[in-house]
Amino acid sequence: MKKNKKFIYLISPIKIKDNIFYNDLVSVFKSKKISFFQLRLKKESSKKIINIGKKIRKICKRFNIKLIINDDPFLAKKINADGCHIGQSDSTVFEARKILKKKIIGVTCHNSMSLIKKAVIDRADYIALGAFYSTKTKKAKYRAKIKLIKEAKKITKIPIVAIGGINLSNYKKLLLNKANFLAISSYIWNNKKLNPREAIRKLL
């Protein structure tokens, strides 16, 4: 199966408490399987996100991984991240582009072909589709079928990030169906059986 070796779009845990996280992050990055790291801290102050973001940016640079900030183009700019991911209720691609210029802007398109088409017209750099499986990370209002990836591929060449409940038992199916990247969070950070380094090692 020919696939991108750096196929993981890693999403942060919902809380970053201490230095153990940064050590885990380095050991996970050493796997050489990660293209993007999204900082997604919904309940923290902007100041704290900036402080954490700047620390993570240094680690990302060391491993040549793109740092993406969730929801907020202004924070992405302050952190000097590589880009921003926006949901349908956040700013538009156009607004984010004014702030971030040529940086990466990704858009959540759920399970909707019309949102995919809009993201293509708006010149998003990637689209996120899903949830493909049930997930504890966030309540999944939208469920996507695997055939959506193929339908999206017919109309655009921009990369597709598959999201939602992706783990060791289901990830290969998404790669076989040509998802470019897999957004993974709980499987790495909240795995009851494996530590983060062991968890990532099992994804081949």
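Within helix 1 (19-29), the residues F21, Y22, L25, V26, S27, V28 and F29 are buried, where buried means under 20% relative accessible area, exposed over 50% and partly exposed in between, with a 1.4 Å probe and protein chains only. The model is predicted, so that local features need pLDDT of at least 70 and side-chain atom pairs count only at pLDDT 80 or more, while totals for chains, interfaces and linings use all residues. Residues are numbered from 1 along each chain as its sequence is written, and side-chain values use heavy atoms, with hydrogens and water left out.

Helices (H or I, at least four residues) and strands (E, at least two) are DSSP runs, numbered from the N terminus. The buried residues of helix 1 pack against strand 1 (8-11), strand 2 (34-39), helix 2 (46-63), helix 8 and helix 9 (196-201), contact being heavy atoms within 4.5 Å.

| Residue | Place | Relative accessible area |

Not counting residues up to four places away in sequence, Y22 touches I16, I52, K55, I56 and I59. A polar atom of the side chain of S185, for its part, lies 3.3 Å from the backbone oxygen of I11.

In soluble globular proteins, nonpolar side chains tend to be buried together. The largest nonpolar core here has 65 residues, and those with the most contacts inside it are L10, F37, L39, I56, L174 and L182; such a core is a set of buried Ala, Val, Leu, Ile, Met, Phe, Trp, Tyr and Cys residues joined through side-chain atoms within 4.5 Å. Leaving aside its neighbours within four places in sequence, L10 is in contact with residues including L25, V28 and F29, as well as I184, I188 and W189. A second, separate core of 10 residues includes Y126, V161, F181 and A183.

The second largest pocket holds about 300 Å³ of space, a pocket being an open set of points on a 1 Å grid over the protein atoms alone where a 1.4 Å probe fits, with protein on both sides within 12 Å along at least five of seven lines, and lining residues having an atom within 4 Å of a point. The volume is the space filled by probe spheres set on the points. Of the 17 residues that line this second largest pocket, P13, K15, K17, W189 and N190 lie nearest its centre. Helix 1 gives the most to this lining, with three residues.

Definitions and conventions
A polar contact is a pair of N or O atoms within 3.5 Å; within protein, one must be able to donate a hydrogen and the other to accept it, and residues adjacent in sequence count only if both atoms are side-chain atoms.
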